[in-house]
Amino acid sequence: MSPIRPQSAALRTVVSFRPLPAPLNRPIRLAVLISGGGTTLANLMAKIRERKLDAEIRIVIASRPDCGGISRATGLGLACEVISRKAFCSVDEFSSAIFAQCRLAEVDLVICGGFLALIKIPPEFSGRIMNIHPALIPAFSGKGFHGHFVHEAVLRRGAKVSGCTVHFVDEEYDHGPIILQRTVPVLDDDTPDELAARVFESECDALPEAIRMFASGQLEIDGSRVRTVTV
């Protein structure tokens, strides 16, 4: 789930724009925002080391000092900053601190990897933040649908397929323009943990693919849609 509420004029008022108008022709520089165990972070680092993703993780930012992803980040040799939501009086101040670090790190793209804190996004980061959600938006998405709550809801409803969605972030929970989706079957005897593991396998390929598409300059945001363009 992405609980991010940006002040993103571009996503609201521009009919069509390309967040990256030309291929980077170098490793894309990433910031990864975390609030939990950092499994998405670990997957991205694995893809980079396997040379399946031409990227560099410049900085990891944790919204809580006790999240397990901090030790995972430091164990991977990554720079990690703890910017605790509780240390700030307002969302604006908290957000300013986060994006100040992103600017210092000169990142091209911000990845929400299980990041659960509300932030406001400066205009220059419009179309430059991706989230991965463990269900097929718009189903099983929105406020409260994160972690195991998503998979429990899928099983309660009796859905036959689930999967993951990679999307750009806008001012609503799990609402921004969808970049790509991947499906997985829901089995009759699934437990939430078993379904979560199957969905995460799909996430491990979907997010790197979306990052590669962004870095190649192929993505164009057209209202609520993302189109793939020839570069």
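Analyst: Below we take the strands, then a helix pair, then the backbone.

Analyst: This is a predicted model, in which local features need pLDDT of at least 70 and side-chain atom pairs count only at pLDDT 80 or more, while totals for chains, interfaces and linings use all residues. Residues are numbered from 1 along each chain as its sequence is written, and side-chain values use heavy atoms, with hydrogens and water left out.

User: Okay, strand E5 (residues 109-112): which residues sit on each side, and are they buried or exposed?

Analyst: Leu109 and Ile111 lie on one side of E5 and Val110 and Cys112 on the other, and all are buried, so both faces are covered (buried means under 20% relative accessible area, exposed over 50%, partly exposed in between, with a 1.4 Å probe and protein chains only). Strands (E, at least two residues) and helices (H or I, at least four) are DSSP runs, numbered from the N terminus.

User: Why two sides at all?

Analyst: In a regular strand the side chains alternate between the two faces of the sheet.

User: And what does E5 pair with?

Analyst: Strand E2 (residues 28-34) runs parallel to E5 and is joined to it by four bridges, with Ala31 partnered by Val110. E5 also pairs with strand E6 (residues 129-133) in the parallel sense over three bridges, where Ile111 has Met130 as its bridge partner. Pairing requires that DSSP finds at least two bridges between the strands.

User: Switching to helices, how do H2 and H6 cross?

Analyst: The axes of H2 (residues 39-49) and H6 (residues 192-215) come within 10 Å and cross at roughly 60°; axes are lines fitted to C-alpha atoms, for helices over the stretch in contact, and angles run from 0 to 180 degrees between N-to-C directions. The two helices are therefore oblique to each other (under 35 degrees counts as roughly parallel, over 145 as roughly antiparallel, 65 to 115 as roughly perpendicular and the rest as oblique).

User: Which residues meet there?

Analyst: Among them are Leu44 and Lys47 in H2, and Phe200 and Asp205 in H6, where contact means heavy atoms within 4.5 Å.

User: Now the backbone: where is the cis peptide bond?

Analyst: A cis peptide bond joins Ile137 and Pro138, with omega about 15°, and Pro138 lies in the loop between E6 and helix H5 (148-157).

User: Which loop holds Arg51, and is that residue buried or exposed?

Analyst: Arg51 lies in the loop between H2 and strand E3 (55-62), has a positive phi near 60° without being a glycine, and counts as exposed because its relative accessibility is 80%.
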